[in-house]
Amino acid sequence: MTYEQKLVDALDSVKREGRYRVFADVKRRRGAFPKADVVKGDAAKSITVWCSNDYLGMGQHPKVLAAMHEAIDMVGAGSGGTRNIAGTTHYHVELENELSDLHGKEAALVFTSAFVANEAALSTLAQLLPGCIIFSDEKNHASMIAGIRNGRGPKQIFLHNDLADLEAKLAQVPRETPKIIAFESVYSMDGHIAPIGAICDLAAKYNALTYLDEVHAVGLYGPRGGGVAERDGVMHRVDVINGTLAKGFGVMGGYIAASRTLCDAIRSYAPGFIFTTSLAPAIVAGAVASIRHLKSSSVEREQHQERARTLKRRLLAADIPVMSGPSHIVPVLVADPVRCKALTDVLLDRFGIYVQPINYPTVPRGTERLRLTPSPQHTDADMDHLVEVLASLWQECPMALIESLAAAE
């Protein structure tokens, strides 16, 4: 066997399907979000970022940056180890207190990412609750799927946001059998929102724990940024909330918030927590500052929702195929991987608009799309430019034009 050739063959397969990913070399400009520079060789070109998950621009907020600078000056760069070995700093303790307060839970546990938090928590719960069946929404994130798989316990997949299908599956299992319903609040590629309260009703009826991923909602929804569950007044009914510090809060890291006992069990058993160096204190300090600000300020959330509504309305008025949904996510259907990549190349190279193509396996084949994420910092002029360019590409023999422009690069 030629190992290198096997890897080349695998890469060629991805390229033939049109879903080979090329990273843009981007330098954000401090204080000028969503403006940035894309670097190609020795040259840099000004662009507007339309695909960042820093939904509120908090990664550029003066309070966040000041807290990070102060932490570096106070304690230095790294954390010094895992949480068990010198890696628990006072910043970590403060952050977990802020998160438990945000979600109205007894405790919280911080991880290096929300992916790790999901994988560690779900796999560990499956192992600590013998015979536990996990009921998982069919559109759950890859991190939840990984956690369920690594737990090596039984699972059942229910149709997306389908309460009847979920109940039918729950009803087939004895009440005394341990159960977890795992689902998301905002599904990040389609923009759908789960019926959290109704799922909690089923959990109570059939004696199941609820595990809710609020990654694309924390900071963005609710009076204090606690997520859709807070907005809907059902946060107290959810047993475990998973969230991120890397999107609405603008920094990095992930967490769970739950009962003190559950968090302690995950802390004590999950390899993904035990054996990982903790987040750097400066990052944690930035997250604390961001959470505290958004607990008391709704200005960013209100502006964010207005920008999302406005962009959807304007794209639809220009006959751009926006995929409908009630959240802040603005997906535009392309339905072909090669064309999706060609379109984003043209947008970046010719028009200074940065959007990444969303292809399989992130979304099902045939549903390839642009995923636009307007922020409070996107101006009307930014939106004018985006809508004008997209409208011209779609209306003027769109795919032939896109492919000819891409071929000319």
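**Pockets and a helix crossing**

Modeller: Helix H13 gives the largest share of the lining of the second largest pocket, five residues. The model is predicted.

Biologist: How do you know that Asp345 belongs to the lining of the second largest pocket?

Modeller: A lining residue has an atom within 4 Å of a pocket point. The pocket has 16 such residues, and Asp345 is listed with Val22, Ala24, Lys341 and Leu348 as lying nearest its centre. So Asp345 counts as lining. Strand E2 (35–40) and H13 (337–351) each give two or more residues. The volume is about 240 Å³.

Biologist: Which classes make up that lining?

Modeller: Nine residues are nonpolar, two polar and five charged.

Biologist: What about the largest pocket: how much space lies in it?

Modeller: About 1,200 Å³. Its lining has 46 residues, and His141, Ser188, Met189, Thr362 and Val363 are the closest to its centre. By class, 20 are nonpolar, 15 polar and 11 charged. Helices H4 (114–128) and H5 (142–151) are among the elements that supply at least two residues each.

Biologist: What makes Ala67 of H2 a contact residue?

Modeller: Contact means heavy atoms within 4.5 Å. Ala67 is one of the H2 residues that make the contact, and Gly286 is one of those from H11. So Ala67 meets that cut-off. The contact residues divide into 11 nonpolar, three polar and one charged.

Methods
Residues are numbered from 1 along each chain as its sequence is written. This is a predicted model: local features need pLDDT of at least 70, side-chain atom pairs count only at pLDDT 80 or more; totals for chains, interfaces and linings use all residues. Side-chain values use heavy atoms; hydrogens and water are left out. On a 1 Å grid over the protein atoms alone, a cavity is a set of points where a 1.4 Å probe fits but cannot get out, and a pocket is an open set with protein on both sides within 12 Å along at least five of seven lines; lining residues have an atom within 4 Å of a point. Grid points are joined across faces, edges and corners, and a volume is the space filled by probe spheres set on the points. Helices (H or I, at least four residues) and strands (E, at least two) are DSSP runs, numbered from the N terminus. Ala, Val, Leu, Ile, Met, Phe, Trp, Tyr, Cys and Pro count as nonpolar, Asp, Glu, Lys and Arg as charged, and the others, Gly among them, as polar.
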